[in-house]
Amino acid sequence: MGLFVFIFSIILMCSGCVRDGREHIEDIVIDSVEEKQYLGEIAFRIPWSAYSGRGVAIQKIVDVYNLENDTDYKISVVGGDENLSLIQADLFDEEKTLIYLLPYRYVQYLGDLGLLEDLTYSMEPYEDYFYKELWSLATIEDKVFGVPWLGHAMGLIYNKDLLKQAEVDPASIVDLETLLKALENIESKTEAMGIGLVGADHNDISWMVNQFIYGFGGQLVDEEGTKVLVNSEAGKAALNFYKHDLGKYAQETWTDDNGEDVMAYFREGKVAFEIQGPWGITDIWKNQEPFDTGVIPLVDIGIYPEVGPMMISIDQNMQEDKKLAIRPFVEFLISHEGQRMIMNGEYSPEHDRYYPFRLPVRRDMIEQGEMDDYPEFYGFVSGFDHPSVDVPVPKWQIIKDHYYESGLHNVMKGNMTIEAFLAWVENEGNIILMDEK
């Protein structure tokens with residue numbers, strides 16, 4: 001045990017070391033974990049491949065926990081994806097019990113089906129660690145089904161070179177009117193289009209448009225989650241602004257593009273602005289940094305950014321002794337140490353650099369400057385106080401999958417009017433919200 005204490009002391013002392021030496025400490029951790037003896041393992045399913053950069057980054061955090069903690073169970077990382085049907089099938093399988101890292105929009109939905117463990121009693125003491133809005137995204141009727149671990153918020157990312165060429169001062173962009181003026185200047189003084197937009201029948205169009213609906217003062221549903229409210233003057237104004245005002249400055253193929261397509265246009269310097277999370281910046285870093293980037297917080301221009309906290313949830317079928325063993329693991333992930341390690345990011349052998357792919361979500365971590373190594377990322381975090389919530393109630397996931405995304409795509413393509421779409425979603429959505437099944 002003395003050896004483990006010594007090694008962990010080295011880890012703590014080196015937590016602020018330069019990134020170039022980090023992999024050597026991680027090798028020591030992995031070797032030491034393999035020497036420990038356990039009664040069994042508990043699998044931690046993440047929404048990325050276990051062998052991806054993100055999977056390996058999370059594995060290194062889990063290795064530190066396994067080394068530090070005296071639990072009888074080893075936590076092992078298993079890869080996965082965001083396929084809701086597959087996740088739901090696993091949760092119904094009583095022989096297959098896992099810890100899950102889930103997008104927040106799945107937590108309420110699966111918790112409402114009784115497939116996730118109620119964490120209220122064990123995790124409620126930690127509620128004050130987090131932004132109130134983030135914590136509420138995993139609760140249903142005061143029951144807690146997920147604990148925030150890492151997350152993101154969207155920001156307006158810009159190409160500094162293109163803005164300079166167009167003589168646009170980013171500080172002058174303070175609302176939507178000045179944003180449109182900037183887009184006009186970009187197109188008149190450069191060869192680039194103004195902004196990358198999404199319009200495809202895809203998850204991205206939902207959260208993208210909702211940011212404007214919330215920013216214009218609209219809501220998707222009422223507080224009780226029993227009535228669709230998106231068919232409103234605010235909803236109409238937001239969709240009109242997105243399709244017509246922004247759409248005329250977007251790439252030619254925007255009505256069929258998703259977020260990855262937009263990132264490619266931005267990376268190639270074909271659009272000057274994009275609405276993305278922190279990965280929009282690291283994507284430029286990974287691609288030879290062809291230009292410098294900046295971030296304008298969406299709340300600064302009157303838009304509520306989409307937030308995407310990833311939640312730690314537990315299978316309802318988990319054995320009681322394993323549930324008890326999991327609590328210290330969750331406590332570690334949301335501790336200062338666990339949150340700080342998120343900023344270590346994923347390692348790119350090609351560039352021999354580390355790239356953060358998500359942000360810590362503990363309020364005090366952000367307020368105490370834990371992201372100072374990446375000052376660009378502060379342009380995103382104001383969204384945690386003013387979020388656009390893509391799935392505000394569990395049943396909205398059904399509405400989103402069956403009506404909302406495809407309907408928005410048809411609006412952008414001109415196959416459906418804004419008024420017809422909103423009325424359709426209101427009618428079909430209210431049927432789903434009122435269904436007691």
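This is a predicted model: local features need pLDDT of at least 70, side-chain atom pairs count only at pLDDT 80 or more; totals for chains, interfaces and linings use all residues.
Glu233, by contrast, is exposed, with a relative accessible area of 61%. Both residues belong to helix 11 (residues 233-246), and because they are three residues apart there, about one helical turn separates them.

## Salt bridges between separate elements

Across the whole structure, a search finds 17 salt bridges. One of them joins Glu117 to Lys323, with 2.8 Å between the closest N and O atoms. Glu117 sits in the loop between helix 5 (104-112) and helix 6 (120-123), whereas Lys323 is part of helix 14 (residues 320-333), so this pair ties together parts of the chain that are 206 residues apart in sequence. Glu117 has a relative accessible area of 17% and is therefore buried, since the cut-off for that class is under 20%; Lys323, at 13%, is likewise buried.

A salt bridge is also formed by the side chains of Lys189 and Glu167, at 3.0 Å from N to O. This pair links distant parts of the chain, with Lys189 in helix 9 (residues 176-189) and Glu167 in the loop between helix 8 (160-165) and helix 9, the two residues being 22 apart. Lys189 counts as partly exposed at 39% relative accessibility, while Glu167, at 62%, counts as exposed.

## A salt-bridge network

Besides these pairs, Arg54, Lys286 and Glu346 are connected to one another through a network of salt bridges.

Four strands make up an open sheet in which the order is 8-9-7-10 and the pairing is mixed. Strand 8 (193-196) and strand 10 (293-297) form its edges, each of them pairing on one side only. On average, and with direction ignored, neighbouring strands of this sheet are turned by 20° against each other.

Strand 8 runs parallel to strand 9 (residues 271-276), and three bridges join the two strands. As for individual residues in this part of the sheet, Gly196 has Glu274 of strand 9 as its bridge partner.

Terms used: Residues are numbered from 1 along each chain as its sequence is written. Side-chain values use heavy atoms; hydrogens and water are left out. A salt bridge is a side-chain nitrogen of Lys or Arg within 4 Å of a carboxyl oxygen of Asp or Glu. Buried means under 20% relative accessible area, exposed over 50%, partly exposed in between (1.4 Å probe, protein chains only). Two strands pair if DSSP finds at least two bridges between them. Axes are lines fitted to C-alpha atoms, for helices over the stretch in contact, and angles run from 0 to 180 degrees between N-to-C directions.
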